[in-house]
Amino acid sequence: MEDVQRTILGLTELSGSGPDVSGSGASQVKVSNKQRTLWYTLLEVAVLLCVSGIQIFAITRFFKTGKIKISV
């Protein structure tokens with residue numbers, strides 16, 4: 001339990017010691033990060049939709065009648 005308290009205290013000390021992020025450069029970085037996050041999120045959604053479509057196609061193919069192939 002003491003280890004946990006020491007870790008928490010150490011992290012709270014570190015959280016205030018970072019560089020000051022304010023000014024015109026910071027707002028430009030925020031906009032850039034927002035745009036990059038949006039594009040990566042859209043790319044991730046597109047990939048997930050493609051993979052889901054492929055999985056649905058593959059699974060429905062298994063249940064079509066007359067196309068059961070059993071090979072040994």
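Over residues 38–59 the chain is 100% helix and 0% strand, with the end C-alpha atoms 31 Å apart. The model is predicted, so local features need pLDDT of at least 70 and side-chain atom pairs pLDDT 80 or more, while totals for chains, interfaces and linings use all residues. Residues are numbered from 1 along each chain as its sequence is written, and side-chain values use heavy atoms, leaving out hydrogens and water.

UniProt, in an unreviewed entry, gives residues 38–59 as "transmembrane region"; such annotations may be inferred rather than shown by experiment. The protein chain has two helices and zero strands (DSSP runs of H or I, at least four residues, and of E, at least two).

Of the 72 residues in the protein chain, 1% are buried (under 20% relative accessible area; exposed is over 50%, partly exposed in between; 1.4 Å probe, protein chains only). Val-51, found in helix H2 (residues 24–62), counts as partly exposed because its relative accessibility is 41%.
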